[in-house]
Amino acid sequence: MAIGLSLTILAGCASYQAKPIEPAALARSFESRSLDDPALRRYITEHQDHEAGVGEAWNLETLTLAAFYYSPELDVARARWETSRAAARTAQQRPNPTLVLPLGYTTNAPDGTLPYLYGLGLDIPIETAGKRGYRLARANELSDAARLQIGVVAWQVRSRLRSALLDLFAASRASEILTRQVAAQEQIVAMLDRRFTLGAASTTDVNSAKVALLRSRNEVVQSMDRQGASRAEVARVMGLSLGALRQVNIGFEEFERTPAEIPLDDARRSAVLNRVDLRAALARYEASQAALQLEIARQYPDLHIGIGYTVDSGANKLSSQFSGIALPVFNRNEGPIAEAEGRRKEAATEALALQAATINDIDRAVQAHQSALAALDLQDRLLATQTRVLQNLRRSFDTGETDRLTLISAQSTLETSTLSRLAARVAVQRTTGQLEDAMQQPLQFGAGNAVPADLLAPTPK
């Protein structure tokens, strides 16, 4: 009977299934990823904060959702959460009873009796002092921390994607401005060459204009290189090949808008309420609390109840016993308790340090954001003034009061101011990104959170 029971139990055991990794298949799967994937399009439509499909131009919001869909870093974070959930299941399990099969032989058995001893017994362990509850509480808190870590990784993905897109925006807009400036400087060089031939311009004037032209052409080449590097970084963050983004039209309307100033108190409050890493740190602290309770409970020994039936030389015997009671003679679990107390203090210190760093980051980001906004306002006023100057020169040119060289030179100067204004706008957007990172909250799109509520579930790929 015992053998049959054992075979029945073993029949329900899990079996190993091999899942080999084939590098060639992984490479093909990676290369096949595309923003045209219908499943990705459905995912984005379902998770947009407003009723709008994916248009012809991809923007920060839709590219962020695509990054959440494809990012290998998020896949790793989800896998770790699955592992922690399995650990919670392990902590919930009760210890199994032990089957005992006593066998013996009596060498001096009386005549007429069987000299054999055999039987069946069970050793049933009983955990005391709530150990299972503390163990489960610790595992659940660690599972929550791993789940929240998915949100931390998601924000990091979004932050790096935004930074790469901002670099792409800056490079592409600079390339457009520099191209216009090169065209203006080519006209200036041509006009100075004609004047030099007529003796109306000096060699110094001509050479200076040619140097400025060469410098601008070089800056155009550099801006094109930055565009390529930025697009490659966008692809890397999103978990796509560069070819998947080569023909994609990317819009930058988020970076064209100027965000409003954020009050310091509001930014601090938003950070405390929304930062996922703070919540994960608090979950780890709660796990350390449960771990300390578990070590304290381990001062009390578990019980083992044994019941059995044996046949001893023909005599039927029933037995029961209590065993496995450890005597606290040499230690009372002081060492593990001290270690658990140390880990709890460490977890508390880490949470407090993260909170303090968050507040400092908020303070610096708000100050930098305000300064960048003030600098952008100055650049806007300067550009507006130079635009009016150029308009006046055009009217003077139309009436014959101003020559073409003066007009084109003013146009080139305006493009230089436009570049300065672009740099100021990019600085504002960088400080906006710093403020968003400190708050772990987007300022420019969506109703609140940048991380979808069901991001924790694995996405189909």
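At what angle do helix α4 and helix α6 pack, and how far apart are their axes? Before you click, note that this is a predicted model, where local features need pLDDT of at least 70, side-chain atom pairs count only at pLDDT 80 or more, and totals for chains, interfaces and linings use all residues. Residues are numbered from 1 along each chain as its sequence is written, and side-chain values use heavy atoms, with hydrogens and water left out.

**Stop 1: α4 and α6**

Select residues 60-70 for α4 and 131-197 for α6: they pack at about 135°, with axes 10 Å apart. (Helices are DSSP runs of H or I with at least four residues, strands are E runs of at least two, both numbered from the N terminus; axes are lines fitted to C-alpha atoms, for helices over the stretch in contact, and angles run from 0 to 180 degrees between N-to-C directions.) The pair is therefore oblique, the label for whatever is left after roughly parallel (under 35 degrees), roughly antiparallel (over 145) and roughly perpendicular (65 to 115).

Now show side chains. Leu60, Leu63, Thr64, Ala67 and Phe68 of α4 meet Ala154, Val157, Arg158, Leu161, Arg162 and Leu165 of α6, contact meaning heavy atoms within 4.5 Å. These residues split into eight nonpolar, one polar and two charged. (Ala, Val, Leu, Ile, Met, Phe, Trp, Tyr, Cys and Pro count as nonpolar, Asp, Glu, Lys and Arg as charged, and the others, Gly among them, as polar.)

**Stop 2: α10 and α11**

Next, grab α11, residues 334-398, which packs with α10 at about 165°, axes 8 Å apart. That makes the two roughly antiparallel. The contact includes Leu278, Tyr285 and Glu295 from α10, and Pro336, Arg343 and Leu354 from α11. In this contact, 14 residues are nonpolar, four polar and six charged.

Zoom in on glutamate 295, in α10 (residues 276-297). Is glutamate 295 buried or exposed? Its relative accessible area is 12%, so glutamate 295 is buried (under 20%; exposed is over 50%, partly exposed in between, with a 1.4 Å probe and protein chains only). Leaving aside neighbours within four places in sequence, glutamate 295 touches Asn333, Pro336, Ile337 and Ala340.

**Stop 3: glycine 104**

Jump to strand β2, residues 103-105, and pick glycine 104. Glycine 104 is partly exposed, at 29% relative accessibility. Skipping neighbours within four places in sequence, glycine 104 contacts Pro115, Tyr116 and Leu117. Draw a C-alpha distance from glycine 104 to serine 323, 219 residues apart along the chain, and you get 21 Å.

**Last stop: the end of α12**

Finish just after α12, where glutamine 440 takes a positive phi of about 50°.
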